[in-house]
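Hi everyone, thanks for coming.

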Amino acid sequence: MKTQGLNLFIVDADKAAGVELKKFLENRFGSTIHISVFTDGKNCLEEIESDTHLVILTCSPDDKQGLELLKAIKAENSLTEVAMLTEKNSIASAIESYEAGAKSIIVKDANAQNKVNNLVAAFFMAPIRIIVKESGLSQRLAIFLMTFLTIGLILLIVVLLKH
């Protein structure tokens, strides 16, 4: 399933909730994101590939199946980031999840969709953060440079293709 943009999986036993989150993210990010929704972990694991960037895994606190799925996802592709979306915050399960490789724990509340939105947006801003951190440039200057370099690269490709 090689696609351009961000490849995101949503695993939620409640299909309607998974589809609602998918629609929310598609409205925010458009065609820059490809989202697949699964109602069980087995089907999700069968589809994990090297270009799967993020999995949002809905589980209840102290859900051992969710924790095992997290470990299986990380074993399948250690570069895939996993965010746990849970009904309530449990410090013990959060620690276990982080130790197993979770990127973040998001509590399902009135702000959960915005938290997921911010997590996905962070993936798109990762190159900017790296430039800012490594070079000490301001974020605005880093964005300008990335834009300038991207346009330059596109022009170079167009010129090379014409010859």
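Let's start with helix 3 and what lies over its buried side. The buried residues of helix 3 are covered by elements that include strand 1 (6–11), helix 2 (41–47), strand 3 (54–59), strand 4 (81–86) and helix 4 (91–100). Contact here means heavy atoms within 4.5 Å, and helices (H or I, at least four residues) and strands (E, at least two) are DSSP runs, numbered from the N terminus.

Before I go on, a word on where this comes from: it is a predicted model, in which local features need pLDDT of at least 70 and side-chain atom pairs count only at pLDDT 80 or more, while totals for chains, interfaces and linings use all residues. Residues are numbered from 1 along each chain as its sequence is written, and side-chain values use heavy atoms, with hydrogens and water left out.

Which residues of helix 3 are buried? They are Gly66, Leu67, Leu69, Leu70, Ile73 and Lys74. Buried means under 20% relative accessible area, exposed means over 50%, and partly exposed is in between (1.4 Å probe, protein chains only). Looking down the axis of helix 3, you see these buried residues fall within an arc of 160°, so they line one face of the helix. That arc is taken from the directions from the helix axis to the C-beta atoms. If you wonder about the pattern, an α-helix has 3.6 residues a turn, so residues three or four places apart point the same way. On the face turned away from the buried side, helix 3 carries the exposed residues Gln65, Ala75 and Glu76.

Helix 3 has 13 residues (64–76), which at 1.5 Å a residue should span 18 Å, and its end C-alpha atoms are 18 Å apart, which agrees. The expected span is 1.5 Å times one less than the number of residues.

Now follow the chain out of helix 3. Asn77 sits in the loop between helix 3 and strand 4. Is Asn77 buried or exposed? Its relative accessibility is 10%, so Asn77 counts as buried. The Asn77 side chain makes a polar contact with the side chain of Thr80, at 3.0 Å. By polar contact I mean a pair of N or O atoms within 3.5 Å; within protein, one must be able to donate a hydrogen and the other to accept it, and residues adjacent in sequence count only if both atoms are side-chain atoms. Setting aside neighbours within four places in sequence, Asn77 is in contact with Ile48, Glu49, Ser50 and Thr52.

Two strands pair if DSSP finds at least two bridges between them. Strand 3 and strand 4 pair in the parallel sense over six bridges, and Leu54 has Glu81 in strand 4 as its bridge partner.

How many residues of strand 1 are buried? Six of its six. Leu6, Leu8 and Ile10 are buried on one side, and Asn7, Phe9 and Val11 on the other. Strand 1 runs parallel to strand 2, joined by six bridges, and Val11 has Phe38 in strand 2 as its bridge partner.

In the loop between strand 1 and helix 1 (15–29) we find Asp12. Asp12 is buried too, with a relative accessible area of 6%, and its side chain makes a polar contact with the side chain of Thr58 (3.2 Å).

On to helix 1, where Gly18, Leu21, Phe24, Leu25 and Phe29 are buried. Seen down the axis of helix 1, they fall within an arc of 125°, so they line one face of the helix. These buried residues pack against strand 1, strand 2, strand 3, strand 4 and helix 5 (112–135).

Finally, stepping back, the protein chain has six helices and five strands, and 34% of its 163 residues are buried.
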